[in-house]
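The sequence and the model are shown first, and the text follows them.

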Amino acid sequence: MGERKLAAACLMFCVLGIPTPGSAENAEAGGFKRIRGSAIQRLISGREFSDGVHWRYSFQPGGALTEYAMSRRQDLRWQTKDDALCWRSARGEECFEVWSSSTTLRLQPVALGTPFEGRLSRLVP
């Protein structure tokens, strides 16, 4: 890939969050596998997704979701829809493709946005 094309791809993906051709293939090459349908629910229900410092999402069985971000708590609802994980917040409905590796979960916005990665752990009662 030429230097100009690489710079344009980085701008589109890194800054604007627009997936570039081959981004799914790159995720798979990086050890990530796309999770779809009911497998999303089995993976995250009763688990916590966190970067370990700034934010965490607690996915309760039955669809309750608690978001903790920068010391603020927000109660939401989550569901799976069209092979994506979705929730509604003050920002509106947000849906994500779910990618998983052996130790990391990546949520890639279906619409514009930057993907984020973290680790899954069991919810502590």
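## Aromatic rings

The count of aromatic pairs comes to 11, where rings of Phe, Tyr and Trp (its six-membered ring) pair if their centres lie within 6.5 Å, and planes under 30 degrees apart count as stacked, over 60 as edge-to-face and the rest as tilted. One of the pairs is formed by Phe59 and Trp78: the ring centres are 5.7 Å apart and the planes stand at 85°, so the pair is edge-to-face. This pair links distant parts of the chain, with Phe59 in strand β3 and Trp78 in strand β5 (residues 72-81), 19 residues apart. Helices (H or I, at least four residues) and strands (E, at least two) are DSSP runs, numbered from the N terminus.

The model is predicted: local features need pLDDT of at least 70, side-chain atom pairs count only at pLDDT 80 or more, and totals for chains, interfaces and linings use all residues. Residues are numbered from 1 along each chain as its sequence is written, and side-chain values use heavy atoms, with hydrogens and water left out.

Are Phe59 and Trp78 buried or exposed? Phe59 counts as buried because its relative accessibility is 1%, and Trp78 counts as buried at 7%. Here buried means under 20% relative accessible area, exposed over 50%, and partly exposed in between (1.4 Å probe, protein chains only). Phe59 and Trp78 also belong to one aromatic cluster, together with Phe49, Trp55, Tyr57, Trp87, Phe96 and Phe116.

## The chain as a whole

The secondary structure comes to three helices and nine strands. Read along the sequence, the pattern is α-α-β-α-β-β-β-β-β-β-β-β. The chain has 125 residues, and buried residues make up 36% of them. Of the contacts in the chain with a separation of 6 or more, 41% are between residues 24 or more positions apart; contact means heavy atoms within 4.5 Å.

On a 1 Å grid over the protein atoms alone, a cavity is a set of points where a 1.4 Å probe fits but cannot get out, and a pocket is an open set with protein on both sides within 12 Å along at least five of seven lines; lining residues have an atom within 4 Å of a point.

Which residues line the second largest pocket? They are Ser50, Gly52, Val53, His54, Trp55, Arg56, Tyr68, Ala69, Met70, Ser71 and Arg72. Strands β3 (55-59) and β4 (64-69) each supply at least two residues of this lining. By type, the lining divides into five nonpolar, four polar and two charged residues. Ala, Val, Leu, Ile, Met, Phe, Trp, Tyr, Cys and Pro count as nonpolar, Asp, Glu, Lys and Arg as charged, and the others, Gly among them, as polar.

Tyr68 lies in strand β4 and counts as partly exposed at 25% relative accessibility. The charged end of Arg56 sits over the ring of Tyr68, 4.0 Å from its centre. A charge sits over a ring if NZ of Lys or CZ of Arg is within 6 Å of the ring centre and within 35 degrees of the ring normal. Leaving aside neighbours within four places in sequence, Tyr68 is in contact with His54, Trp55, Arg56, Ser58 and Arg73. Elsewhere, Arg106 lies over the face of Phe32, at 3.9 Å from the ring centre.

Most residues other than glycine have a negative phi.

Pro61 lies in the loop between β3 and β4 and is exposed, with a relative accessible area of 57%. Leaving aside neighbours within four places in sequence, Pro61 is in contact with Ser45 and Gly46.

## Glu117

Glu117 is placed in strand β9 (residues 116-122) and counts as partly exposed at 39% relative accessibility. Beyond its neighbours within four places in sequence, Glu117 is in contact with Phe32, Phe49, Asp51, Trp55, Thr104, Leu105 and Arg106.
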